[in-house]
Amino acid sequence: MSKHFLFALLAVLFSVLPARAETMLVAADATWPPFEMLDENKRVTGYGPDYIRAAAKEAGLEADVRNVAWDGIFAALGSNQCDAIASSVTITPERQATMAFTKPYFENYQALVVLKDSPVQKLSDLKGKTVGGQIGTTGILYTQRLNDTQDLGAKVKTYDEVGLAMEDLKNGRIDAVMCDDRVAKFYAERKAGYAENMRVAFITDEVEYFGFALRKQDTALLEKLNQGIDAVKAKGIEEQLQAKWLGN
């Protein structure tokens, strides 16, 4: 077989092979079950990572999701260490000033978790109580805003991870934890070692929306992901993911 014929044959073979999908690197803080967590093999999983993998696939992309701590996750995006964030990031005007967001992929509320024997039933019961939450999240910002605007009178304690706040609540070192309602329900209703002692005191009526965060200049990637999200919704994949991770 001549070299010219061999090269021609290889060219034909490679021309009919499917093109390899472009891979996007995605950051997620895997401490926020059931949205983001690590499985038994230390792979990042949960509703958010599964959703962006599905949306990326529908858009002809691949999503490589890596575990990145919350306190450095936005800096990782800004310094090009990742292409997107899939970490229960609430779309807010402040964040939109520095980042782009996809279409919303989840509707969220804040919830307060307390011990089962706690007298706390409503916001006004938090006066003089210590409320914990993950630093920089809308849950802790919501509590601080109530202190400033409604004279809530609560003490605020921040943590690097919501799980550390829940541990302190379980051990009686704080009085409550404010976080996303599905995270609150996960700990208070499903997580072994916690559900036996905790309850959700109330859920706020202020709606929030999660979106995948990108750099503002990455308009082409934003368009592709939005198309992927549309397909995930239209094909019923979103409902399957909600059933898998969030239940009814």
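The largest pocket in this predicted model is lined by Ile91, Thr92, Pro93, Glu94, Arg95, Thr138, Leu141, Tyr142, Arg145, Glu206, Val207 and Glu208. A pocket here is an open set of points on a 1 Å grid over the protein atoms alone, where a 1.4 Å probe fits, with protein on both sides within 12 Å along at least five of seven lines; lining residues have an atom within 4 Å of a point.

On conventions: residues are numbered from 1 along the chain as its sequence is written. Local features need pLDDT of at least 70, side-chain atom pairs count only at pLDDT 80 or more, totals for chains, interfaces and linings use all residues, and side-chain values use heavy atoms, without hydrogens and water.

Back to the largest pocket. Its space is about 250 Å³, a volume being what is filled by probe spheres set on the points, which are joined across faces, edges and corners. Helix 5 (138–150) and helix 4 (93–96) each supply at least two lining residues, and helix 5 gives the largest share, four. Helices are DSSP runs of H or I, at least four residues, and strands are runs of E, at least two, numbered from the N terminus.

Next, the second largest pocket, with about 160 Å³ of space. Among the residues lining this second pocket are Met37, Leu38, Phe186, Tyr187 and Lys191. Strand 2 (37–38) and helix 7 (181–190) are the elements that give two or more residues to that lining.

Finally, the whole chain. The protein chain has nine helices and 14 strands, and its C-alpha atoms fill a box of roughly 85 × 40 × 30 Å along the principal axes.
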